[in-house]
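Open the model in a viewer and keep the selection panel at hand. The stops below are meant to be taken in order.

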Amino acid sequence: MPVPEEPKDPEQRKGPEGPAEPAAPGDGTGPRDGTGPRALVVRNRHDSIPMDLLFRGDTAELPKPTKTAHAPKSPQPLKSLQPPKSPQPQKSPEPTEESGAAKRLSPPRPDRDLAERRGPACSGWWALLVALLALGGAAWLIWAGGLVPVRITDFLALPERPRNGLVAWQWAAVGGCGAVALFALGGLTRGRVGSAWTLSLFGRYRGSVRRTGLVWISPLMLRRRVDVRLRHWRSEPMAAVDAEGIELRVVVLVVWQVKDAARALLTVDDHLAYLREQVEAVTARVVSRLPADSFREPADDVPTLRDAEAVGDALGATLAAECRAVGVEVFSARPTRVEYAPEMAAAMQRRQLAAIDAKHRDTVLTSVLDAVDDTVRRLTERGLVTLDDYERKALVKDLTVAFYTARGSAVDTH
C-alpha cells in the first residue's frame, strides 16, 4: 500500500479535532485513524519534535513544548536564588600582621604638645641700664653712710660724709640693689645669627629665642643653643643592595635645616646622629626598589638607579617624612655616587660591556639590512637586473656579508 504524500501546509496535517497525537515511543509509526499520515518523530528528554520539521526550509514555528512534571524550571538569575539576607552591622576589620607591619613602617608623628614658641627675653641694653641703676643706688647708700674710703672720695671729688654707718634697712637696700644688679648682669648673653636658644625651667619647656645681638634671658632658666642655619652633609660610602641583590656603595648629599629648635633638642638626644642614621636607613630602603643598571631591551623603559632626579626625589620625600618629628626639615637628598661594591665591580663591568657590544652589533646589523634592502629595491625598480627568487637570495646574502664586513672593519679601525 503506497504511503500518501504528506501535505506541506502544517494546517492540513491537523485532524478535525486538533493536531495529531504523537506516536508511541519505539514503534516509529503514527496514528492509523485516517486523519493524517504517519509521521516520524524525534523525542528528546522533555518533548517531541516532528522529524519533517527538522529538514524544512520554511519558517514554520516549532510546537511549543508542554510543561511536564519532570521538566526542569527555567534558569533564574543567581541573585534571585539566594534568600534575602537581613542587613548586619559591619564589623571593624581586626588588625592583622600586614596592617601592623604597615603601621610600624609609618614615619613617626611629631609631638603636638612640644612645638617651638617664643620664649621670654628682652633687649640686653635694658638689663644693662637696670644693673647700672641698681649699682648706683647701692653706691649712694654706702657713700651716704660714710663708708666710702677717703682716697676714693678724693679721687672722685666727692664731699666727705660723717661715718655714721648704715642702719638695718639701708643694709637691706644695699643688698637688694646688689642682687638686682647681679640678676640683670647674669642674664646677659649674645644672640648669634643662625642660632637659637632653647629655654627650660625645672624641666619644663618655656620657649625659644632667635634674637640677635645683646639679649637678656632669665639666669634661672637652662639655656641650650642649637644651630638653625641651612646646612649640608655628605655621607660616606654606604653599603646597600639594589633590586637584584647586587651590593652597592652609595654616597648621598643632604641639604637640611633645623625648623623647630624645641623638637630638635628635646625630642631626641642628638638630632645630628638621628639624621645620619635615617639617611642610611632611607637610602637602603629606596635603593632596594630599583636595579642599578638595566641590561634588557629596551633599556629606556626600565627605571634604574642612574636616574638621579627620580631617586633623589624619592630619597628627599622619604627622609623629610622621617625627620619631621624631630624638627628637622630636609630640602633635598641627592645621590652623588652609585657604584658597585669592589667584589662585584669586575663582574658587572664585563656584563655591561657585553650588553653594550650586543646593542652595537644589533645597530650595525639593522643598518646593514636597511642598506641591502635599499640596494636590491633600486636595482629591480630601475630595471638594471632581473632576478628570480634564487638569484635574489644569493644577491642579498652577498651584499649582507660585504656590507657587514665593511661596517665591522670601519668600527674596529675607529
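Predicted model: local features only at pLDDT ≥ 70, side-chain atom pairs only at ≥ 80, totals over all residues.

Residues are numbered from 1 along each chain as its sequence is written, and side-chain values use heavy atoms, with hydrogens and water left out.

**Whole chain.** Show the cartoon: the chain has 10 helices and 12 strands (DSSP runs numbered from the N terminus; helices are H or I, at least four residues, and strands are E, at least two). Of its 414 residues, 27% count as buried (under 20% relative accessible area with a 1.4 Å probe, protein chains only; exposed is over 50%, partly exposed in between).

**Main core.** Select Leu-248, Val-252, Val-254, Leu-319 and Cys-323, which touch the most other members of the largest nonpolar core, a set of 35 residues. Such a core is a set of buried Ala, Val, Leu, Ile, Met, Phe, Trp, Tyr and Cys residues joined through side-chain atoms within 4.5 Å. Elements that each supply at least two residues to this core include strand E11 (247-258), helix H8 (308-323) and strand E12 (328-340). Another core, of seven residues, lies apart from it, with Ala-138, Leu-141, Val-174 and Ala-181 among them.

**Nonpolar patch.** Next select Ile-152, Phe-155, Leu-156 and Leu-158, which make a nonpolar surface patch of about 420 Å² (area by the Shrake-Rupley method with a 1.4 Å probe; for residues, only the protein chains shown count as cover). Patch residues have over 30% relative accessible area and no salt bridge; like charges are joined within 9 Å, nonpolar side chains (Val, Leu, Ile, Met, Phe, Trp, Tyr) within 5 Å. Leu-158 sits in the loop between helix H4 (150-156) and helix H5 (168-186).

**Salt bridges.** The whole structure holds 11 salt bridges (a side-chain nitrogen of Lys or Arg within 4 Å of a carboxyl oxygen of Asp or Glu). Which residue does Glu-116 pair with? Its partner is Arg-210, with the closest N and O atoms 2.7 Å apart.

Move to Lys-259 and Glu-329, whose side chains meet at 3.9 Å, N to O. Lys-259 is exposed at 55% relative accessible area, whereas Glu-329 is partly exposed at 30%.

Then pick Arg-334 and Asp-313, with closest N and O atoms 3.0 Å apart. Arg-334 is in strand E12 and Asp-313 in helix H8, so the pair ties together parts 21 residues apart in sequence.

Finish at Asp-374, Arg-377, Arg-378 and Glu-381, which are linked in a network of salt bridges.
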